[in-house]
Amino acid sequence: MGENDFPKSVGKPAARALVGAGYTKVEQLKDTKEKEILELHGVGPKAVEVLKKELAAKGLEFQK
(Lines give C-alpha, C1' and ligand atoms only; values in the text may rest on other atoms or scores of the structure.)
Protein backbone atom coordinates (compact mmCIF):
# COMPACT_ATOMS: atom_id res chain seq x y z
CA MET A 1 0.00 0.00 0.00
CA GLY A 2 1.23 3.50 -0.77
CA GLU A 3 2.20 6.13 1.76
CA ASN A 4 -0.76 7.79 3.44
CA ASP A 5 -1.63 9.57 6.67
CA PHE A 6 -4.97 7.87 7.36
CA PRO A 7 -5.43 6.70 10.96
CA LYS A 8 -5.09 2.95 11.49
CA SER A 9 -8.66 2.86 12.83
CA VAL A 10 -9.88 3.49 9.25
CA GLY A 11 -8.93 -0.10 8.47
CA LYS A 12 -6.69 -1.56 5.81
CA PRO A 13 -9.39 -2.18 3.18
CA ALA A 14 -10.60 1.42 3.42
CA ALA A 15 -7.06 2.81 3.35
CA ARG A 16 -6.28 0.71 0.26
CA ALA A 17 -9.47 1.93 -1.43
CA LEU A 18 -8.64 5.55 -0.66
CA VAL A 19 -5.07 5.24 -1.93
CA GLY A 20 -6.34 3.41 -5.01
CA ALA A 21 -8.67 6.35 -5.68
CA GLY A 22 -5.73 8.77 -5.45
CA TYR A 23 -6.11 10.00 -1.86
CA THR A 24 -3.01 9.88 0.33
CA LYS A 25 -3.74 12.61 2.88
CA VAL A 26 -6.77 13.26 5.07
CA GLU A 27 -6.77 16.91 3.90
CA GLN A 28 -7.52 15.82 0.32
CA LEU A 29 -10.91 14.52 1.42
CA LYS A 30 -12.20 18.06 1.99
CA ASP A 31 -12.51 18.32 -1.79
CA THR A 32 -14.94 15.40 -2.05
CA LYS A 33 -18.35 14.41 -0.78
CA GLU A 34 -18.90 11.84 1.95
CA LYS A 35 -21.17 9.89 -0.43
CA GLU A 36 -18.37 9.56 -2.99
CA ILE A 37 -16.03 8.09 -0.38
CA LEU A 38 -18.70 5.64 0.77
CA GLU A 39 -19.03 4.41 -2.83
CA LEU A 40 -15.43 3.16 -2.80
CA HIS A 41 -15.26 -0.61 -2.36
CA GLY A 42 -13.82 -1.23 1.11
CA VAL A 43 -14.97 2.01 2.70
CA GLY A 44 -17.91 1.72 5.09
CA PRO A 45 -19.74 3.97 7.53
CA LYS A 46 -17.23 3.32 10.34
CA ALA A 47 -14.30 4.43 8.18
CA VAL A 48 -16.19 7.55 7.09
CA GLU A 49 -16.90 8.47 10.72
CA VAL A 50 -13.20 8.12 11.56
CA LEU A 51 -12.31 10.28 8.56
CA LYS A 52 -14.91 12.91 9.53
CA LYS A 53 -13.34 13.15 12.98
CA GLU A 54 -9.86 13.45 11.49
CA LEU A 55 -11.04 16.22 9.16
CA ALA A 56 -12.79 18.02 12.02
CA ALA A 57 -9.62 17.86 14.12
CA LYS A 58 -7.93 19.80 11.31
CA GLY A 59 -10.81 22.27 11.02
CA LEU A 60 -12.02 20.68 7.77
CA GLU A 61 -15.05 18.72 6.57
CA PHE A 62 -16.35 16.85 3.56
CA GLN A 63 -18.00 18.92 0.84
CA LYS A 64 -21.76 19.38 1.25
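The model is a predicted one, where local features need pLDDT of at least 70 and side-chain atom pairs count only at pLDDT 80 or more, while totals for chains, interfaces and linings use all residues. Residues are numbered from 1 along each chain as its sequence is written, and side-chain values use heavy atoms, with hydrogens and water left out.

## The overall build

Let's start with the big picture. The protein has three helices and zero strands, and reading along the sequence gives the pattern α-α-α. Helices here are DSSP runs of H or I with at least four residues, strands are runs of E with at least two, and both are numbered from the N terminus.

How does the radius of gyration fit a compact globule? A compact globule with 64 residues would come in near 11 Å, and the protein has 10 Å, which agrees. That radius is taken over C-alpha atoms, and the globule rule is 2.2 Å times the number of residues to the power 0.38. Along the principal axes, the C-alpha atoms fill a box of roughly 25 × 20 × 20 Å.

Of the 64 residues, 30% count as buried. Buried means under 20% relative accessible area, exposed means over 50%, and partly exposed is in between (1.4 Å probe, protein chains only). As for contacts with a separation of 6 or more, 45% of them join residues 24 or more positions apart. A contact means heavy atoms within 4.5 Å.

In soluble globular proteins, nonpolar side chains tend to be buried together. Here, the largest nonpolar core has 16 residues, and those with the most contacts inside it are Phe6, Val10, Leu18, Leu29, Ile37, Val43 and Leu51. The elements that give two or more residues to this core are H1 and helix H3 (45–57). H3 gives the most, with five residues. By definition, such a core is a set of buried Ala, Val, Leu, Ile, Met, Phe, Trp, Tyr and Cys residues joined through side-chain atoms within 4.5 Å.

Leaving out residues up to four places away in sequence, Leu51 touches Phe6, Val10, Leu18, Leu29, Ile37 and Phe62. Phe6 sits in the segment before H1.

| Residue | Relative accessible area | State |
|---|---|---|
| Thr32 | 2% | buried |
| Phe6 | 8% | buried |
| Val50 | 16% | buried |
| Lys12 | 60% | exposed |

Where is Thr32 found? Thr32 belongs to the loop between helix H1 (12–20) and helix H2 (34–38). Not counting residues up to four places away in sequence, Thr32 touches Tyr23, Ile37, Phe62 and Gln63.

Val50 lies in helix H3. Neighbours within four places aside, Val50 is in contact with Pro7, Ser9 and Val10.

Lys12, the exposed one in the table, is found in helix H1. Between Lys12 and Lys35, 23 residues apart in sequence, the C-alpha to C-alpha distance is 19 Å.
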